[in-house]
Protein chains: 2
Amino acid sequence: MHKKEIIIILDAMGGDHAPDEIIKGAGLALEENKNLKIILVGKKKLLNEKLFEFKIKRDLIEIVNADEIITNSDQPAKAMKNKKDSSLIRALELLKEKRADGFVSAGNTGAVLLCSSVILKRIANITRPALATHLPNLKSFSVLIDSGANVDCKANMIEQFAKMGYIYMKNVMKINEPKVALLNIGLEAEKGNMLAKESYKILSELNINFVGNIEARDVPFGIADVIVCDGFVGNVIIKHTEGLAQGIFNLLKHEIKKNIWCKLGGMMLKSGLVNIKKRFDYSEVGGVQLLGLESVVIKAHGSSDSRAIKNAIKKCVLFIESDVARKIQEVCE
Amino acid sequence: MHKKEIIIILDAMGGDHAPDEIIKGAGLALEENKNLKIILVGKKKLLNEKLFEFKIKRDLIEIVNADEIITNSDQPAKAMKNKKDSSLIRALELLKEKRADGFVSAGNTGAVLLCSSVILKRIANITRPALATHLPNLKSFSVLIDSGANVDCKANMIEQFAKMGYIYMKNVMKINEPKVALLNIGLEAEKGNMLAKESYKILSELNINFVGNIEARDVPFGIADVIVCDGFVGNVIIKHTEGLAQGIFNLLKHEIKKNIWCKLGGMMLKSGLVNIKKRFDYSEVGGVQLLGLESVVIKAHGSSDSRAIKNAIKKCVLFIESDVARKIQEVCE
C-alpha cells in the first residue's frame with residue numbers, strides 16, 4: 001500500500017452547503033488520514049476566516065484563490081467559457097499541472113463533468129471519458145456506465161465502458177469478480193439494435209466476467225454489478241429510476257391520506273417507507289464518477305454535509321491508491 | 001357514424017385462457033353490438049363443441065379451421081416459418097384477403113407483431129409499423145411509440161411515430177388535443193443524441209401539438225399523452241417500469257413483514273397498495289397495438305378473460321370506425 005503523502009484538491013465553493021461543510025469535511029478528513037494534504041480552492045479571504053471560525057489546523061491545508069463560483073443554475077458550457085476564475089476551473093488547472101493526486105467537488109454536476117473532460121488528460125486508448133453512476137437496486141447497487149456523458153456511441157466505446165466499470169468495481173468498490181452485463185431488450189445474443197449486437201460480440205471475447213445481456217426489467221434486482229450502455233439510454237434509466245420511485249411514493253402518500261385507518265397504517269410503516277424511498281433516491285447511493293481520465297475526479301452530492309465530504313475525500317484516496325487509471329490503461333491497450 | 005356491418009376475426013386459440021374465454025368474449029361482443037359478425041379461427045371441431053357448450057348463438061359466427069397453435073413459448077420467427085396452419089397466420093391471411101375489417105388476438109405478442117408486419121400491408125409512406133403501448137402514469141396513461149418494433153430508427157420514423165400516436169390518441173382514445181413529446185435526456189432543443197436532435201427539429205415543424213422534450217424522470221407524471229422514441233429506448237422504458245414497480249413492491253412486502261406493527265400497517269393500507277400495484281402493472285392498462293398497417297390489429301393481454309376480449313373487440317370496432325389507417329395515410333402524405 002502507498003503510505004506516501006496524498007494531496008487532494010477541494011472545490012471549496014461547490015455544493016449546496018459550501019464553503020462551510022466543505023471546509024469542515026476537509027478538517028475531518030485530515031484528522032482521519034495522517035498522510036493527507038488538502039488544497040482548498042475558492043475565495044481566499046472567506047476561506048481563511050472560516051478555517052479560523054471552525055478551529056481547523058492550517059498546517060496541512062493550502063488555499064488557492066479563485067474569485068468566481070459556478071452555481072447549480074449555471075449552464076455548464078457557458079460557465080466554462082465565462083468563469084475562468086471559478087473555483088472549479090482553477091482547481092482543475094492545478095490538477096492538470098499535477099499539483100495534486102485527486103479532486104473532489106460537490107458543485108454543478110454538468111460543469112464538473114464538462115470542465116474535467118476538456119481540461120484534464122484522457123487515458124491513452126480511451127475514446128471519451130464516461131460517467132459511472134451508482135444505481136440503487138434491491139441488493140445494493142450496480143454501476144451504470146455510461147450514464148450520460150456520451151450520447152452517441154460506437155461498440156468500441158461500450159467495450160471501454162465495460163472494462164472501466166469492471167476495474168472500478170473490482171479495485172475501488174472491492175467487489176471480488178464483478179458481473180458485467182450489457183443493457184439490452186432481450187437476453188439472447190442476437191437481440192437488440194445494431195450497437196447492442198455488435199457490443200455483445202466484442203464483450204463476449206473480453207476477459208472481464210461478461211454475463212450477457214440484462215433487460216431493463218431486471219436492472220432493479222441487482223443481478224449485475226456493472227451495466228453498460230450508451231449514455232443516452234443510461235441517462236434515461238437513471239432519470240426514470242428517480243421519477244418512477246418518486247411517482248410511486250406520491251401515490252402511496254395519497255393512499256395514506258385517504259382515511260384514518262390508512263393514516264394509522266402509514267404511521268406504522270413509516271420507517272420502512274422511508275428506508276425504501278432512501279434506497280431508490282440515487283443521489284443517496286454513491287454519486288457519480290468520471291472514468292477514463294488520467295486524474296481522479298470525484299463528484300460528491302450537491303447536498304453533501306461535512307461527513308459526506310469526508311467520505312468523498314476517502315473515496316478519492318481509495319481511487320488514487322488503487323491506481324485505477326493505470327489499470328484501465330493496461331486493460332485498454 | 002358507420003352503421004354498416006363490421007366483421008372481426010378472432011384468434012380463438014391465442015391467449016392463456018383460449019379457447020374458452022375467447023369464445024365467451026365473442027358471445028358477449030355479439031350481444032352488445034348488433035352490427036357485428038365474428039370469424040373464429042382455430043380448431044373447428046373443438047370450437048363447435050365449445051359454442052354449443054356455452055350456448056352461444058351461431059348465426060353471426062363463422063369458423064375457419066386452423067390446426068396449429070402458436071404458444072407463448074414459441075419463438076416468433078420460428079413459429080412464423082413452421083406453423084403455417086396456426087390460428088394466428090390463418091387469421092392474418094383472411095385479414096389480408098379483406099375478409100374482415102379487423103383482428104383481435106390474445107396470443108404470443110412477438111408472434112402477433114412479427115406475423116402482422118410481414119403478412120399485412122403497410123400504410124403508404126409508413127416506413128415500418130410501430131408498437132404503441134399504453135404506459136401507466138400518475139394521471140392515467142401515455143401511449144409510448146415505438147416500444148419495441150424498430151430498434152434502429154431514423155428521424156423520419158420518429159416523425160411517423162409522432163403522427164401515428166397523435167392520430168391514435170385523438171381518434172381512438174378520444175383525447176381532445178393530445179400532447180406529443182419526444183423522449184430525451186434534457187428539455188432544451190439542442191439536447192440529446194443525433195437522432196433526438198434531428199427528430200426535435202422535424203417534430204417542431206409539424207401540426208401535431210408537439211410540446212417538446214420529455215425527460216425520463218417526468219414520464220411517470222403524465223405530462224404528455226404521446227411519447228415518441230426509438231424502439232430500443234421505448235422497450236427499455238416499458239420493461240424498466242415493470243421491473244422497478246415490482247422491485248419497490250418487493251421491498252414494501254419485506255418491510256411489512258418486519259414486525260407485528262408493520263403487518264398491521266400493511267393490512268390497513270392493503271387496498272391502497274393493491275391499487276398502486278395495479279396501476280403500474282402496464283399489462284393492466286390497455287395493452288399494445290401495432291400502428292402503421294392498413295388493417296386493424298388489436299393485441300389483447302395474454303391473460304384476457306371474456307370481458308377483456310369483449311373490450312378488445314370493442315376497441316377494434318372503435319379503431320375501424322375512427323378510420324385511423326386512412327387518417328394516418330393522409331397525415332403522412
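**Close-up views of the contact between chain B and chain A**

**View 1. Extent of the contact in the predicted model.** The contact draws 51 residues from chain B and 51 residues from chain A. About 4,800 Å² is buried between chain B and chain A, and carbon and sulfur atoms give 76% of this area. Of the interface residues of chain B, 100% are also interface residues in chain A, so the copies meet through the same surface.

**View 2. Salt bridges and polar contacts between chain B and chain A.** Across the interface of the two chains, 4 salt bridges are found. Glu242(B) forms a salt bridge with Arg217(A), with 3.1 Å separating the closest N and O atoms. Between chain B and chain A, 11 residue pairs are in polar contact, both residues being at pLDDT 80 or more.

**View 3. Elements of chain B that face chain A.** At least two residues of the side of chain B that touches chain A are supplied by each of strand 7 (180–184), helix 7 (194–204), helix 8 (231–256), helix 9 (260–268) and helix 10 (270–279) of chain B. Helix 8 of chain B gives the most to this side, with 20 residues. The residues on the side of chain B that touches chain A comprise 29 nonpolar, 14 polar and 8 charged.

**View 4. Symmetry relating chain B to chain A.** Chain B is superposed on chain A by a rotation of 180° with 0.0 Å of shift along its axis, at an RMSD of 0.0 Å. The two copies are therefore related as by a two-fold rotation axis. In chain B, the C-alpha nearest the axis belongs to Gly265(B) and lies 1.7 Å from it.

Terms used. Residues are numbered from 1 along each chain as its sequence is written. Chains are lettered from A and ligands numbered from 1 in the order in which they are written. This is a predicted model: local features need pLDDT of at least 70, side-chain atom pairs count only at pLDDT 80 or more; totals for chains, interfaces and linings use all residues. Side-chain values use heavy atoms; hydrogens and water are left out. Contact means heavy atoms within 4.5 Å. Buried area is the accessible area (1.4 Å probe) that two parts lose on being put together, summed over both. A salt bridge is a side-chain nitrogen of Lys or Arg within 4 Å of a carboxyl oxygen of Asp or Glu. A polar contact is a pair of N or O atoms within 3.5 Å; within protein, one must be able to donate a hydrogen and the other to accept it, and residues adjacent in sequence count only if both atoms are side-chain atoms. Helices (H or I, at least four residues) and strands (E, at least two) are DSSP runs, numbered from the N terminus. Ala, Val, Leu, Ile, Met, Phe, Trp, Tyr, Cys and Pro count as nonpolar, Asp, Glu, Lys and Arg as charged, and the others, Gly among them, as polar. Copies are superposed by least squares on the C-alpha atoms of residues with pLDDT of at least 70 in both.
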